[in-house]
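Work through the exercises below with the model open. Try each task before you read its solution.

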Amino acid sequence: MSLIQTIALSKTYRTDEVETTALDAVDITIGAGEFVAIMGPSGCGKSTLLNILGLLDNPTSGQYLLNGTDVSGHSERQRAGLRKQLLGFVFQSFNLIDELSVAENIELPLVYTGMKAAERRERVNAAMERMHIGHRAKHFPQQLSGGQQQRVAVARAVVNEPALILADEPTGNLDSAHGEEVMQLLTGLNEAGTTIVMVTHSLRDAGFAKRTIQLLDGRLAEAVAATELL
């Protein structure tokens, strides 16, 4: 069963003088339980696609079906509700809050759901143990290495048990050893059933995925190649 399907998905940014097409009629299907890497040169539309898949933005035209429901025209309130239910995010820059402890950073997505405190603590403790950072629960982000901060970010992404994790260059700020560690964590989550879509420039990281989608100038690379043959 497909978790994600886009049909002629397009995104155009307009100013008074310039119109820029970031995505041009992109058709992709990603099944539940897949681990997919999205690759391509800078400016090819990878981040725009990830933002739309993550319900952080709406397309200009086309359809985005998430779990069989067309969400391409949803309001921000509707998108926010789905993000809480279905999605977890892992970013290159970790996006941790310096003033909050490790445990508090991980707990944050659950606070927004209105979950009771006792259940939140149970979920947070389970996520910390899963990521092997329970001993750092009371530390603050600036007291952690880059690899440990990304572990916290992954724990925060999985604490609400999302069906889909979107990762944007998850090893971009890490050395090779810590990058390998994070990719192994994502692989383990995928093997446990979580769908993962990852934007990356790294061929090594893409090698952990089961499938790679190539973008070029806002279109699927195979679509560009087919056009050039006409």
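**Exercise 1. Which element gives the largest share of the lining of the largest pocket?**

Two notes come first. The model is predicted: local features need pLDDT of at least 70, side-chain atom pairs count only at pLDDT 80 or more, and totals for chains, interfaces and linings use all residues. Residues are numbered from 1 along each chain as its sequence is written, and side-chain values use heavy atoms, with hydrogens and water left out.

Step 1. A pocket is an open set of points on a 1 Å grid over the protein atoms alone, where a 1.4 Å probe fits, with protein on both sides within 12 Å along at least five of seven lines; lining residues have an atom within 4 Å of a point. Helices (H or I, at least four residues) and strands (E, at least two) are DSSP runs, numbered from the N terminus.

Step 2. Take the volume, the space filled by probe spheres set on the points. The largest pocket has about 460 Å³. Its lining counts 16 residues, with F89, L108, P109, Y112 and R156 closest to the centre.

Step 3. Assign the elements. Helix 2 (76-86), strand 6 (87-91), helix 3 (102-111) and helix 5 (146-158) each supply at least two lining residues. Strand 6 gives the largest share, four residues.

Step 4. Sort by class. Ala, Val, Leu, Ile, Met, Phe, Trp, Tyr, Cys and Pro are nonpolar; Asp, Glu, Lys and Arg are charged; the others, Gly among them, are polar. The lining of the largest pocket has nine nonpolar, four polar and three charged residues.

**Exercise 2. Describe the second largest pocket and its lining.**

Step 1. The second largest pocket holds about 150 Å³ of space.

Step 2. Its lining has 15 residues. Nearest its centre are G43, C44, G45, K46 and S47.

Step 3. Strand 2 (19-31) and helix 1 (46-53) each supply at least two lining residues. Helix 1 gives the most, with three.

Step 4. By class, this lining has four nonpolar, eight polar and three charged residues.

**Exercise 3. How do helix 3 and helix 5 pack, and which residues meet?**

Step 1. Axes are lines fitted to C-alpha atoms, for helices over the stretch in contact, and angles run from 0 to 180 degrees between N-to-C directions. Here the angle is about 30 degrees, with the axes 7 Å apart.

Step 2. Helix 3 is therefore roughly parallel to helix 5. The cut-offs are: under 35 degrees roughly parallel, over 145 roughly antiparallel, 65 to 115 roughly perpendicular, the rest oblique.

Step 3. From helix 3, V102, N105, I106 and P109 meet V152, A155 and R156 in helix 5. Contact means heavy atoms within 4.5 Å. The contact residues are five nonpolar, one polar and one charged.

**Exercise 4. What is the angle between helix 3 and helix 4?**

Step 1. Helix 3 and helix 4 (residues 117-130) pack at about 125 degrees, with axes 9 Å apart. The two are therefore oblique to each other.

Step 2. V102, A103, I106, E107, L110 and V111 in helix 3 meet R120, R123, V124, A127 and M128 in helix 4. This contact has eight nonpolar, no polar and three charged residues.

**Exercise 5. Classify the packing of helix 5 and helix 6.**

Step 1. The axes of helix 5 and helix 6 (residues 176-191) come within 9 Å and cross at roughly 15 degrees. The pair is therefore roughly parallel.

Step 2. Helix 5 brings G147, Q150, R151, V154 and V158 to the contact, and helix 6 brings H178, E181, V182, L185 and L189. Five of these residues are nonpolar, three polar and two charged.
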